[in-house]
Amino acid sequence: MTADPGPADPRTGARSAARRVSVVGGSVIGLACAWEVARAGAADEVVVHEPDDSGPGGVPASAAAWVAGGMLAPFSEAWPGEEAVFALGVDSLRRWPEMLRALEPHVPPGPPVRTAAHTHMLAVDEADARDLDMAMDWAARQPDPTVGATRSGSGSAPGITAADLRRVTRRELREAEPSLARVARAAYRMDSEGAVDNRVLLAALTRACVAEGVTWVRSAVSSLDHVDADHVVLAAGTGSAALAGLPVRPVKGEVLRLRARPGCEDPPRGVVRAFVRGRPLYLVPREGGLVVGATQYEHGDDRQVTVAGVRDLLADAETVFPGIGEFELAETIAGLRPMSPDNLPFLGPDPTDPRLVHATGHGRNGIALTPVTAATVVAHLQGRPGPPAALAASPDRVRRG
Ligand SMILES: Cc1cc2nc3c(=O)[nH]c(=O)nc-3n(C[C@H](O)[C@H](O)[C@H](O)COP(=O)(O)OP(=O)(O)OC[C@H]3O[C@@H](n4cnc5c(N)ncnc54)[C@H](O)[C@@H]3O)c2cc1C
């Protein structure tokens, strides 16, 4: 086993391909990293270690990514004090169009990856309206996180800015989303956020990996020392804590998947996010239905769906979208978000083990942060500077547990 990434190209400074890269964890982050590493020619051989092939086409149905709402939501998740989280999210959002274009040939027949191209954020009571105004005002004032990105060649496309964010009147909201109840005290619209279908995404990434010659080892890694590779990319979600001592903890979330029945009211056209009775709620379009989410509990490794979770999600969803009662309750499911203490993932080289690259701890935003994560990993393996917004997510910011 060696950590030598190979000699640098005298003209570009880029290093030649690492021979074998092993990715530990084959969900959304691991698959995207494996695909982009292989596609960029940053390794001669790419291997994914993933024990769970229980979903269609061998995707991991126990992973958080199988459960997720699939929102790409740095603006609607924006919160003062989380400047670095916001900057990373905006950088990644700008990379999504290119990732979707490259994935297009690998999307299986059926629904598309992208399911919504805009988001409405609503506040139902006065206190929530004040919070929403404050958070959106803060988001609109943040500096462009990708200034300098073009200079460093990090590949983030410009174009998505706070200019796409605006406060909308009740009338504008009604015209855009006629099926919503008239409960909003304040509402904002963000063009260009939206959502992807997490399960179609996993299927497309799997097929894209196969097309690039990526192979799988279908067993869990018990120690990173046992992985025979020149570089190891750690993308094991909540499993990363045990493997690398990182402070990544499971935060449980439940979602409902609803299917439209004949005669149902049309579901919202874009993503709808709201606070109802102090609880966060989202409605995310899917082909033929929608996803309703999500609860949040610190319960350790608990993936059971509770009666109270389903009751609260349905009650809150009906407050915002009264037509929900006619939908089929097709699935209730829970997953574990891999949360870090500061809500930033761990991206980039391990400070002590030169073989190890981290791509983990994405919490509530792992789908949204997939493109910037893969770009950071590829840049490191090629010996190039990564996206500037990813510097704050460097793993050397924490002490190991
Ligand atoms: C209810 C809910 C809603 C969410 N909604 C959104 C959303 O709308 N937008 C968004 O961006 N994000 C959302 N997320 C978060 C998102 O799902 C996660 O951040 C993302 O899935 C993290 O991806 P990952 O690949 O790191 O981890 P996971 O998807 O959890 O996958 C980890 C993988 O590692 C494998 N693994 C674990 N241990 C080992 C080991 N020892 N050896 C080999 N493999 C191992 C597992 O089998 C698994 O397949 C949501 C999550 C939940 C639970």
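This is a predicted model: local features need pLDDT of at least 70, side-chain atom pairs count only at pLDDT 80 or more; totals for chains, interfaces and linings use all residues.
Residues are numbered from 1 along each chain as its sequence is written.

Let me begin with the domains, whose bounds come from an automatic or database domain assignment. The protein chain is divided into domain 1, made of 18–69 + 198–247 + 341–397, and domain 2, made of 116–144 + 161–194 + 250–339. Their C-alpha centres lie 28 Å apart. The contact between them takes 13 residues from domain 1 and 15 residues from domain 2, where two residues are in contact if their C-beta atoms, placed from the backbone, lie within 7 Å. On the side of domain 1 that touches domain 2, the largest share, three residues, comes from α2; helices (H or I, at least four residues) and strands (E, at least two) are DSSP runs, numbered from the N terminus. By class, that side of domain 1 has four nonpolar, eight polar and one charged residues, and here Ala, Val, Leu, Ile, Met, Phe, Trp, Tyr, Cys and Pro count as nonpolar, Asp, Glu, Lys and Arg as charged, and the others, Gly among them, as polar.

Of the 43 residues around the ligand, Ser 27, Gly 237, Gly 239, Gly 253 and Gly 366 come nearest, a residue being near a molecule or strand if its C-beta atom, placed from the backbone, lies within 6 Å of it. The shell divides into 21 nonpolar, 18 polar and four charged residues, and α1 (28–39), α2 (64–67), β8 (249–259) and β12 (328–339) each supply at least two of its residues.

That brings us to α1 itself, which has 12 residues and reaches 16 Å from its first C-alpha to its last, close to the 16 Å expected at 1.5 Å a residue; the expected span of a helix is 1.5 Å times one less than its number of residues. The helix α1 is mostly covered, with 11 of its 12 residues buried, and among them are Trp 35 and Glu 36. A residue is called buried if 20 or more other C-beta atoms lie within 10 Å of its own, exposed if 12 or fewer, and partly exposed in between, with C-beta atoms placed from the backbone. After α1 comes Gly 41, whose phi is positive, near 70°.

The helix α1 also matters for our next topic, the largest nonpolar core. A nonpolar core is a set of buried Ala, Val, Leu, Ile, Met, Phe, Trp, Tyr and Cys residues joined through C-beta atoms within 7 Å. Of the 122 residues in the largest one, Cys 33, Ala 34, Val 37 and Val 233 touch the most other members. Its largest share, nine residues, comes from α1. Both domain 1 and domain 2 give residues to this core, so it lies between them. Leaving aside neighbours within four places in sequence, Val 37 is in contact with Val 21, Ala 42, Ala 43, Val 46, Val 377, Val 378 and Leu 381.

Because 11 of its 14 residues are buried, α6 is largely enclosed by the rest of the structure. What covers the buried residues of α6 includes α1, β2 (43–49), α2, α3 (83–103) and β5 (186–196). Following α6 is Gly 213, with a positive phi near 85°.

I will finish with the backbone. Most residues other than glycine have a negative phi, and most peptide bonds are trans. In this model, Arg 277 has a positive phi near 50°; Arg 277 sits in the loop between β9 (271–276) and β10 (279–286) and counts as exposed, with 12 C-beta neighbours inside 10 Å. Asn 343, in the loop between β12 and β13 (346–349), has a positive phi of about 65° and is partly exposed, with 18 other C-beta atoms within 10 Å. Lastly, the peptide bond from Gly 293 to Ala 294 is cis, with omega near -20°, and Ala 294 is found in the loop between β11 (289–293) and α8.
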